[in-house]
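Please open the model in a viewer and keep the selection tool at hand.

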2 protein chains.
Amino acid sequence: MNSKQTTEEKIKEAAKDIFMKKGYSATKTRDIAEHAGINLALLNYYFRSKEKLFNQIMMESMSSFFQGMIMVFMDKESDLEQKFIKIVDGYIEQIKQQPDTPLFILSEMQRNPDEFLSKMTKKLKIQDTILYQQLIAEIGKEKLESVNPIHFLVNLMSMTLFPFIAKSMLEHIGDINSQQFNALMEERKMLIPMWIKQMLR
Amino acid sequence: MNSKQTTEEKIKEAAKDIFMKKGYSATKTRDIAEHAGINLALLNYYFRSKEKLFNQIMMESMSSFFQGMIMVFMDKESDLEQKFIKIVDGYIEQIKQQPDTPLFILSEMQRNPDEFLSKMTKKLKIQDTILYQQLIAEIGKEKLESVNPIHFLVNLMSMTLFPFIAKSMLEHIGDINSQQFNALMEERKMLIPMWIKQMLR
DNA sequence: GTCTATATTCTGATAGAC
DNA sequence: GTCTATCAGAATATAGAC
């Protein structure tokens, strides 16, 4: 199964693992080569440079990270509650497989804001989404005038993503292990949409 | 005013700025020296090494980050709602001055989990705090059996800290500038405690 | 395509003059 | 205390054989 991978795939997989864990600067190309079970020269043969390899992985990570979100945000069939559930469930399920993704993306964005932000999120303005329209339609008139609807979407993302970002800290101060952490996140799949609905009332 | 600083203070301030923005590995000692307006050799004269300088700054950042929190968590005078307000208000006010702090601390923890986690948070187990006791006292019996109280504290931290961590992304997709972002965070000082209270009911 | 050996650049740290 | 010049090691990238 591992042997079915092409060399290029092996390098990319190793690179992804290490870049995600340590970030761009702390990652050594020698480390990647070693973990991929190949020689350092081969890495440059396939990807020309560390930075090009990184950019490829970064772009793919951001794509899969935003892709799902955009589709749900723009879906015309589902109602507001269904969208909440899809977003929370989708992210938790996806990130459980790669828990380092959110911190990785946000850290590297911070390191080099222009590079990535402009490329990926130019298309997505919250205010232009179906989700946003459905949201303001749902909120009561009086509440709409006193509270910016953005807050609720920020809450949705915060409660879903932050636990992964602070995972190691939470496990320490909450005195739980990795398994218990995952169980908590599993519970949150139902809880977060419920809490958000509650806030809108 | 800038000239009243000692050389040591100038180096530390420059180091803090750059470490916070770029993290340990992406920071060059030459960069720090330049921003401090001194020579590279002088940095080593005062701090011996990049790592020692970093550790000093990291420790101070974590102290001021957790210090306030621990005190509120253990305060016997205030009730639950007052604690919520103090925590949210305190953090937002503090981090508005240094918006990079949360992402910096969480990134570097990820980079080197043992180094910092064990030192700083060993004392603080959530379940041993007054806040936690007050929380389970407040939650209805039926709810207490179905929902782990940790969730509410996770929500409190998530809604408070995550916006700063995702600041640049939020400003992009929310189509707002830095000033508007701060205004939103100002609003959240009142909103977050209210939302949490609502969840407990 | 893959490797070994090597060139090149970068970066943290020190020696030594002032 | 502060600087210039320099070293030593690390890390990226390439040359060239197989």
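A polar contact is a pair of N or O atoms within 3.5 Å; within protein, one atom must be able to donate a hydrogen and the other to accept it, and residues adjacent in sequence count only if both atoms are side-chain atoms. Between chain B and chain A, the count is 16 residue pairs in polar contact, both residues being at pLDDT 80 or more.

This is a predicted model, in which local features need pLDDT of at least 70 and side-chain atom pairs count only at pLDDT 80 or more, while totals for chains, interfaces and linings use all residues. Residues are numbered from 1 along each chain as its sequence is written, chains are lettered from A and ligands numbered from 1 in the order in which they are written, and side-chain values use heavy atoms, with hydrogens and water left out.

**The two chains**

Select chain B together with chain A: 48 residues of chain B are in contact (heavy atoms within 4.5 Å) with 49 residues of chain A. About 4,500 Å² is buried between these chains, with carbon and sulfur atoms giving 69%. Buried area is the accessible area (1.4 Å probe) that two parts lose on being put together, summed over both. Next, highlight B:His151, B:Phe162 and B:Ile173, which supply 15% of the area that chain B buries against chain A, more than any other three residues.

A salt bridge is a side-chain nitrogen of Lys or Arg within 4 Å of a carboxyl oxygen of Asp or Glu. By this rule, the interface of chain B and chain A has 0 salt bridges.

**Within chain A**

Colour domain 1 (1-48) and domain 2 (62-200) of chain A separately; these bounds come from an automatic or database domain assignment. The C-alpha centres of the two domains lie 30 Å apart. At their interface, 7 residues of domain 1 of chain A are in contact with 6 residues of domain 2 of chain A.

Domain 1 and domain 2 of chain A bury about 570 Å² between them, 55% of it on carbon and sulfur atoms. Select A:Met20, A:Lys21 and A:Tyr24, which supply 69% of the area that domain 1 of chain A buries against domain 2 of chain A.

Which residue forms a salt bridge with A:Lys21? Select A:Asp100: the closest N and O atoms of this pair are 2.9 Å apart. Across the interface of the two domains of chain A, the rule finds 1 salt bridge.
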